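The following briefing concerns a predicted model of a single protein chain.

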Amino acid sequence: MNRQIGQFGQWRGRVLAIALFVASAPAMAGDAWQVRTADADVPAGIVPETRQPAPGGLADGLVAVYPVGDIRSAWYEMPTTRYRHAVLGDGTEAGALAVETATGQTLRLTLPESVVFEDRYPRLADLDGDGSVEVITIRASLTEGAAVTIYGLDDGRLVERASTDFIGRAHRWLNIAGIADFDGRPGLDIAFVRTPHIGGTLFFYGYRGGMLFAIGSLEDFSNHVIGSRELRLSATADVDGDGRPELALPSHNRRSLRVIGFEDGRPAARAAITLPGRIDKAMAARGGGSDLMFIVGLDDGSVRELAR
């Protein structure tokens, strides 16, 4: 999902600033990032939304699709106002998860009254490479805040497979930033920002043998504007050309773009690119290595290209 970049054509722009804040990764040393104004033909939303509206009554819900495996699509249903956090712009969340299987069957899982899905759309991925698709969700307890919770199929039923701990306090949320093989070990990893509106912490979790486990974390990030429907303030791309993706997402004040990779199995800062405004729109990435470009939209209405 974070790899979706749209078709923007050939962009030109005036160089506004050059920022270099590069950590110790050898492949990044000496790189200078240019921040340029993008042409007017770049879509205002940066990454056009192509997913279909979800059935089931959730006003801002979208359908996630996956091309192979036992689950082909997923969405949220059963609107409820029992949480009233409104972090995504209103007080309505979802009380059920629905999936369509490879055989065309629709299955549903209804949450107890103590929790909701505080999310617009599930994410689908085969996290452990076993051929079965995992459904990655943001589930929130009415008293303990949000968690990343994974569901899957078991003997024709939709069941919970694993979950992180809830944050521990009501009205504390998290936003998923990316799902990719960030650490180079077998399987895909889940990156998310816990409490992105109050000095968020970036966490990386792996999923093996039906269990979620922490890989590492870094502080001072945000990938969401409170009250906004837009959840895609992040992008994955191969920044250093080593064949493995890095994660790019805003700093805690959204005034710089931070690039995070892995070194010796742990997350590490690769770059921080200062911007003339706050990132507030979906991010895109094009190319890789020395040809990489990030595209970000700022709260002053401008769109910037970040390139080397």
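Among contacts (heavy atoms within 4.5 Å) between residues at least 6 apart in sequence, 53% join residues at least 24 apart in the protein chain. The secondary structure comes to zero helices and 22 strands, where helices (H or I, at least four residues) and strands (E, at least two) are DSSP runs numbered from the N terminus. This is a predicted model, in which local features need pLDDT of at least 70 and side-chain atom pairs count only at pLDDT 80 or more, while totals for chains, interfaces and linings use all residues. Residues are numbered from 1 along each chain as its sequence is written, and side-chain values use heavy atoms, with hydrogens and water left out.

**Confidence and surface**
- The protein chain averages a pLDDT (the predictor's confidence in each residue, from 0 to 100) of 89, and 90% of the residues score at least 70.
- Over residues 1-30 the pLDDT is below 50, and this stretch has 79 contacts in the model beyond near neighbours in sequence.
- Where pLDDT is low, the predicted coordinates should not be read in detail.
- Of the 308 residues of the protein chain, 54% count as buried; buried means under 20% relative accessible area, exposed over 50%, and partly exposed in between (1.4 Å probe, protein chains only).
- The accessible surface of the protein chain is about 12,500 Å², with 49% belonging to carbon and sulfur atoms; accessible areas come from the Shrake-Rupley method with a 1.4 Å probe, and for residues only the protein chains shown count as cover.

**Sheet S12-S13-S14-S15**
- Four strands in the order S12-S13-S14-S15 form an open sheet with antiparallel pairing; two strands pair if DSSP finds at least two bridges between them.
- Strand S12 (174-180) and strand S15 (211-221) are the edge strands, each pairing on one side only.
- Neighbouring strands of this sheet are turned by 20 degrees against each other on average, direction ignored; axes are lines fitted to C-alpha atoms, and angles run from 0 to 180 degrees between N-to-C directions.
- S12 is joined to strand S13 (residues 189-194) by six bridges, and the two run antiparallel; the bridge partner of Ile 176 in S13 is Phe 192.

- Eight bridges pair strand S18 (residues 256-263) with strand S19 (residues 266-274) in the antiparallel sense.
- Bridge partners in S19 include Ile 273 for Leu 257 and Ala 271 for Val 259.

**Hairpin turns**
- S18 and S19 form a hairpin with two residues between them, and Asp 264 in the turn has a positive phi of about 55 degrees.
- Strand S10 (residues 145-154) pairs with strand S11 (residues 157-163) over six bridges in the antiparallel sense, and Leu 158 in S11 is the bridge partner of Leu 153.
- The hairpin of S10 and S11 has two residues between the strands, and Asp 155 takes a positive phi near 50 degrees there.

**Loop residue Thr 103**
- Thr 103 is found in the loop between strand S5 (93-101) and strand S6 (106-110).
- Thr 103 counts as exposed because its relative accessibility is 71%.
- The side chains of Thr 103 and Thr 101 are joined by a polar contact of 2.9 Å; a polar contact is a pair of N or O atoms within 3.5 Å, and within protein one must be able to donate a hydrogen and the other to accept it, with residues adjacent in sequence counting only if both atoms are side-chain atoms.
- Thr 103 and Asp 70 are 33 residues apart in sequence, and 8.0 Å apart in space, C-alpha to C-alpha.
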